[in-house]
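Biologist: Please put the sequence and the model on screen. After that I will ask my questions one at a time.

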Amino acid sequence: KKEGFKVVRRNIIGFKWNALRFALRYVKTKYVVFLDDDTVVEKGKDFNVLAGELEEADADLCSVNVYAYNKDNWIEKLQDIEYKTSMLARRNRKWLTSGACICAKKSAMQEILRKHSGFREGGDIEIGLIAKRMKKKIIHSEFTVYTEIPNTFKKWFKQRIYWLGGNFRHSIINFGKQSPDFIYIFYFAFLIWGHLLIRFYYLIFQPLVLLLIMLLYIPITFISNIMIFKKILNPMMFLYPLYAIFQVMIISVFGIGWYVYSAYEQKNFGRIKI
């Protein structure tokens, strides 16, 4: 309000997505942008550029590049690599929308949010999934925003539990609805979640097998993200595969627990109904 924005205050029952659904009635423009409060636009750019891309493509929804704003200590540097590698996926899977910044036609977003489960975790990607199921035209823009990332291990751990709870919801609770992309389904539903107990069995009883997997995983990670690693010259790139597998092995267990807790708290299983 101090910066000159019109602020509407209402008591909304539920979470962020319900508030955004309600707020759209106040938007008078053709396009709308959802932007997190810890996210800023690339210097020298503004949302007119992004709206122009949607107008030119006659698109309904647009994902953008989201990069780390702060990258000073070791946990921030690892996340910086992670954000850059994950943005590569959006060139092929444009529906991987991030809550940090989403741009859409107002009319399309209203349709999408009417079908949104309202579930807190994974609610941003759900926008892209619903849009894809509704056969909306989705594009990806190289328009870039920078978001503030957790600067301590504790904050990072908490955020990743939250994220993996959302991933479990999309991959298992909404199995078959999360994406028509076979590779995406195979990777998350089958390899990440389906093999969780098997990985722990080998960790306890045959750790040498996991060591062999690690020896394969490290070069695969480098090769699949070569576009990023050839631009990054810091020691953290060698720790990145270990960082990634730590999330798969350890944080995923907490993610399941968080989903169960969150579903109970929200009284909502987060099933996508479309």
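**Salt bridges and the sheet**

Biologist: What is the N to O distance in the salt bridge where the side chains of Lys105 and Asp60 meet?

Modeller: This is a predicted model, in which local features need pLDDT of at least 70 and side-chain atom pairs count only at pLDDT 80 or more, while totals for chains, interfaces and linings use all residues. Residues are numbered from 1 along each chain as its sequence is written, and side-chain values use heavy atoms, with hydrogens and water left out. A salt bridge is a side-chain nitrogen of Lys or Arg within 4 Å of a carboxyl oxygen of Asp or Glu. The side chains of Lys105 and Asp60 meet this rule, with N and O at 3.9 Å.

Biologist: How many residues apart are Lys105 and Asp60?

Modeller: Helices (H or I, at least four residues) and strands (E, at least two) are DSSP runs, numbered from the N terminus. Lys105 belongs to strand E4, and Asp60 to the loop between H2 and E3. The pair thus links distant parts of the chain, and the separation is 45 residues.

Biologist: Are Lys105 and Asp60 buried or exposed?

Modeller: Buried means under 20% relative accessible area, exposed over 50%, and partly exposed in between, with a 1.4 Å probe and protein chains only. Lys105 has 13% relative accessibility, so it falls under the cut-off. For both Lys105 and Asp60 the class is buried.

Biologist: Which residue forms a salt bridge with Lys105 with the closest N and O atoms 2.9 Å apart?

Modeller: The partner is in the loop between H2 and E3, 47 residues from Lys105. Lys105 itself is in strand E4. The residue at 2.9 Å is Asp58.

Biologist: Why are Lys84 and Asp80 separated by about one helical turn?

Modeller: The side chains of Lys84 and Asp80 meet in a salt bridge, 3.3 Å from N to O. An α-helix has 3.6 residues a turn, so residues three or four places apart point the same way. Lys84 and Asp80 are about one turn apart because both lie in helix H3 (residues 74-89) at a spacing of four residues.

Biologist: Which of the classes, buried or partly exposed, does Asp80 fall in?

Modeller: Lys84 has a relative accessible area of 21%, so it counts as partly exposed. Asp80 has 8%, so it counts as buried.

Biologist: Which residues do salt bridges that share partners join into one network?

Modeller: By the salt-bridge rule the count comes to 13. Those that share partners make one network of Asp58, Asp60 and Lys105.

Biologist: What is the order of the five strands in the open sheet?

Modeller: Two strands pair if DSSP finds at least two bridges between them. E1 and E4 (residues 101-105) are antiparallel over five bridges, with Phe34 opposite Ile102. The pairing in the sheet is mixed, and the order is E1-E4-E3-E5-E2.

Biologist: Which strands stand at the edges?

Modeller: An edge strand has a single partner strand, so one of its sides is left without a neighbour in the sheet. That applies to E1 (31-35) and E2 (39-41).

Biologist: Over how many bridges do E3 and E5 pair?

Modeller: E5 also pairs with E2, in the antiparallel sense over three bridges, and Thr39 stands opposite Thr147 there. The bridges between E3 and E5 number seven.

Biologist: How many of the 10 residues of E5 are buried?

Modeller: E5 is largely enclosed by the rest of the structure, because most of its residues are buried. The count is eight.

Biologist: Which residues does Lys136 touch, not counting those up to four places away in sequence?

Modeller: Lys136 sits in the loop between helix H5 (123-133) and E5. At 18% relative accessible area, Lys136 is buried. With contact meaning heavy atoms within 4.5 Å, Lys136 touches Asp60, Glu111 and Ala131.

Biologist: What relative accessible area does Ala108 have?

Modeller: Ala108 is in helix H4 (residues 106-114). It is buried, with a value of 1%.
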